[in-house]
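Subject: Handover of a structure and notes on it

Dear colleague,

I am passing the structure below on to you, with my notes after it. Please read the two side by side.

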Amino acid sequence: MAVNAIRSAKAGAPQSAERRSREQHTSASAARRTRRIVGLAASGVLLVIAVWLSLAIGNRAIPFGDVVQALIAPNADDHVHMIVRDLRVPRTLIGLAAGAALAVAGAIMQGITRNPLADPGLLGVNAGASVFVVIAIAAFGVTAPLGFVWFAFAGAAVAAVVVYAVGSFGRYGATPVKLALAGTAVTAIATSFVTLMLISDSETLNAYRFWQVGSLAGRGLDTFALLWPFVAAGLVLALLLGRTLNLLAFGEELARGLGDNPLLSRTAAAVAVVVLCGSATALAGPIVFIGLVIPHAVRAITGPDYRWILIFSLVLGPVLLLVADVIGRVVLGTGELEAGLVVAAVGAPVMIAVVRRLKVGAL
């Protein structure tokens, strides 16, 4: 009897350990799922608050009731209602679209390049858009934001194609390192060209300067109406790439072994990035740091799962851009500071703190 009891205890020990391991894994998964759901709900609340601040705060603070009335029952003769509907609504919509596009594009870039510091600037997308905008100003006399749209969009697409083509040369194709190096080279060349054009033409410099710093002001609903379908299409495509980005994070060989086509996946991701970055840059100028900071920040809640990273980036990217825009309206007292400058001032120290905490392997 004693011997049988000992044998049963020895056989049951591994099963008990395995059962405890399964229970711990199940408990951890449930806790992670709860954290993500609660975090997403909190992010949604932050987005609502940011939208309200964008509509109500500025050189003139507008009470909540007046904002609501201006939206649902506007009075054409009411000056406050005109401010809300004609100035702040377009500004808020552009902030929502540009913030979401930049944050999601940054998450995709970090996923496909497996580079924790990847953003639209690293792969030359912003630089390409800037080159085409300068050409539009200098060669065609375009000065209105609506006129920049197609030039910025085409410039972003051309830059992405050039970077991918240059990065694909060689035996191993478009590796993350080669893409990053190609993007850096394209950015350097584009920046030199833009600088040469600006220092040789003061009128081009004056027209370009306002767009370059990144601002939500001065854009109307016509600009938003023209570009929101591109932003929406890019976001839908991006959200479909969550599982693919998870597979690519393990390397191309393993992704291929799990049934993924890395070439097709990278091409689809590149299309999404071009559409999102081109649209966002055309809407608000080459704003930096949103695509870099937001994906890193949300990993504290989501972990490395890109399906959740993309969703959180979609919600929190607009929060950062809208809050930066509101801060820019009030920080100087008189006049405004462009949202792109505020994002850079806020994003730089946040990014340094994130980089100090994270490890590259976490991607």
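In which helix is S313 found? S313 is found in helix α13, residues 306-330, where helices (H or I, at least four residues) and strands (E, at least two) are DSSP runs, numbered from the N terminus.

Before going further, please note that this is a predicted model, in which local features need pLDDT of at least 70 and side-chain atom pairs count only at pLDDT 80 or more, while totals for chains, interfaces and linings use all residues. Residues are numbered from 1 along each chain as its sequence is written, and side-chain values use heavy atoms, with hydrogens and water left out.

As for the chain as a whole, it has 14 helices and zero strands. Of its 363 residues, 45% count as buried, a term that stands for under 20% relative accessible area, with exposed being over 50% and partly exposed in between (1.4 Å probe, protein chains only). Among contacts (heavy atoms within 4.5 Å) between residues at least 6 apart in sequence, 74% join residues at least 24 apart.

To return to S313, this residue is buried, with a relative accessible area of 0%, and its side chain reaches the backbone oxygen of I309 at 2.7 Å. Not counting residues up to four places away in sequence, S313 touches A103, V104, A107, I294, P295, V298 and P318.

T92, in helix α3 (residues 79-113), is also worth a look. T92 is buried, at a relative accessible area of 4%, and its side chain is joined to that of S54 by a polar contact of 2.7 Å; such a contact is a pair of N or O atoms within 3.5 Å, of which, within protein, one must be able to donate a hydrogen and the other to accept it, and residues adjacent in sequence count only if both atoms are side-chain atoms. With neighbours within four places in sequence left aside, the residues in contact with T92 are V51, S54, L55 and L322.

The next topic is the nonpolar core, defined as a set of buried Ala, Val, Leu, Ile, Met, Phe, Trp, Tyr and Cys residues joined through side-chain atoms within 4.5 Å. The largest such core has 62 residues, and I108 and I290 are those with the most contacts inside it; the largest share of this core, 13 residues, comes from α3. Outside the four places on either side in sequence, I290 is in contact with G99, L102, A103, P295, G317, L320, L321 and V343. A second, separate core of nine residues includes V67, A70, I83 and V89.

Finally, the lining of the largest cavity deserves a comment; a cavity is a set of points, on a 1 Å grid over the protein atoms alone, where a 1.4 Å probe fits but cannot get out, and lining residues have an atom within 4 Å of a point. The residues that line the largest cavity include M109, I112, V163, Y164 and R266, and the elements giving two or more residues to this lining are α3, α5 (145-168) and α11 (262-284). With four residues, α11 gives the most. V163, which lies in helix α5, is buried, with a relative accessible area of 3%, and its C-alpha atom is separated by 7.4 Å from that of G124, 39 residues apart along the chain.

With best regards

How values were computed: 1 Å grid on protein atoms, 1.4 Å probe; cavity = no way out; pocket = protein on both sides within 12 Å on 5 of 7 lines; lining within 4 Å.
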